[in-house]
Amino acid sequence: MHRIAFVLILLAFPVLGQDSKKEIQKYQQMIAEGSPVELFELGGEELWKKPQGPKKVSLEKCDLGLGPGVLKGAYAQLPRYFKDADRVMDLEARLLYCMETLQGRSRAEATKVVFGNQDTLSEMEYLSAYIAGHSRGVKMAPGMTHPKEKQAFELGQKLFFHRAGPWDFSCASCHGEEDKRIRMQDLPVLYKPQAARPVVATWPAYRVSNSQFKTMQWRLNDCYRQMRMPEPNYASDLTIAITTFLTETGKGEPYRGPGTKR
């Protein structure tokens with residue numbers, strides 16, 4: 001139904017001019033109003049409270065940075081350094097850590113399905129929707145005081161501009177210049193705070209194009225795939241570094257996700 005509405009918009013405005021962005025924004029607002037994000041949040045709540053693994057315990061004592069089980073505002077302060085793991089972690093890396101340490105699950109079992117589709121659901125995506133929803137209205141403020149947090153930021157910044165792969169692409173190839181777009185999708189200049197803020201404040205997000213809820217790990221993984229580079233390992237230091245760079249660049253924006261994307 002959303003796609004039909006989009007086609008109608010294109011028919012009504014066949015020539016893309018100065019008003020095209022306004023019409024795209026109207027479409028984005030329309031799909032956001034009908035987003036099923038709440039259903040993913042409800043599913044994530046069930047998984048958060050569900051006893052699993054050899055230890056038969058839930059994730060309710062998982063410490064996301066503000067204390068065991070504290071969800072309010074936790075997502076808005078990620079990525080951050082965790083002393084118990086001696087590592088900077090984003091939400092998915094921390095959830096994986098809790099699955100292994102609290103529930104006794106193996107990494108292989110916990111990451112069997114990290115990116116879902118219409119046939120196979122992803123536990124990580126549902127949990128991310130539920131946890132992120134508890135940070136609505138809280139300003140994005142990733143950790144940036146520990147030396148390893150600063151190292152992650154610096155690595156992420158270098159990776160953002162690093163060109164590699166058969167097409168000699170980098171993140172900046174798409175997100176480094178003003179007024180770029182792919183088809184109907186604007187490409188924000190993500191090393192600039194004013195462009196990064198609305199992005200980091202709305203992921204993870206529901207994607208209308210494939211009717212699935214997606215996380216930032218998926219977003220970065222898919223960007224590497226599109227650049228024809230080797231896809232990064234799940235919850236790797238590479239993806240966490242880029243997320244740290246983007247989130248720190250866009251800090252200060254009140255979180256208003258989980259969002260809805262094209």
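How far is the sulfur of cysteine 174 from the closest cysteine sulfur, and in which residue is that sulfur? Select cysteine 174 and cysteine 223 to find out: the gap is 7.5 Å, too far for a bond.

Before moving on, some housekeeping. This is a predicted model, where local features need pLDDT of at least 70 and side-chain atom pairs count only at pLDDT 80 or more, while totals for chains, interfaces and linings use all residues. Residues are numbered from 1 along each chain as its sequence is written, and side-chain values use heavy atoms, with hydrogens and water left out.

**Stay with the cysteines**

Cysteine 174 is partly exposed, at a relative accessible area of 26%. (Buried is under 20% relative accessible area, exposed is over 50%, and partly exposed is in between, using a 1.4 Å probe and protein chains only.) Now click on cysteine 171, which is buried at 12%. Its closest cysteine sulfur is again in cysteine 223, at 6.6 Å, and that is too far for a bond.

Cysteine 62 is joined to cysteine 98, S to S 2.1 Å. Look where the two ends sit: cysteine 62 is in the loop between helix H3 (37–49) and strand E1 (80–82), and cysteine 98 is in helix H4 (residues 91–101), so the bond ties together parts 36 residues apart in sequence. (Helices, H or I with at least four residues, and strands, E with at least two, are DSSP runs numbered from the N terminus.) Turn the view along the S-S bond and you'll see a torsion of about 75°, so this disulfide is right-handed. Both cysteine 62 and cysteine 98 are buried.

**Next, H3 against H6**

Show H3 together with helix H6 (residues 123–133): their axes come within 7 Å and cross at roughly 100°. The axes are lines fitted to C-alpha atoms, for helices over the stretch in contact, with angles from 0 to 180 degrees between N-to-C directions. The pair is therefore roughly perpendicular, a label for angles of 65 to 115 degrees. Side chains to display include Leu39, Phe40 and Trp48 of H3, and Tyr126, Leu127 and Ile131 of H6; contact means heavy atoms within 4.5 Å.

**Last stop: glutamate 248**

Jump to helix H11 (residues 237–249), where you'll find glutamate 248. This glutamate 248 is buried, with a relative accessible area of 13%. Leaving aside residues up to four places away in sequence, glutamate 248 touches Pro142, Met144 and Phe153.

Conventions:
Disulfide = S-S within 2.5 Å. Parallel < 35°, antiparallel > 145°, perpendicular 65-115°, else oblique.
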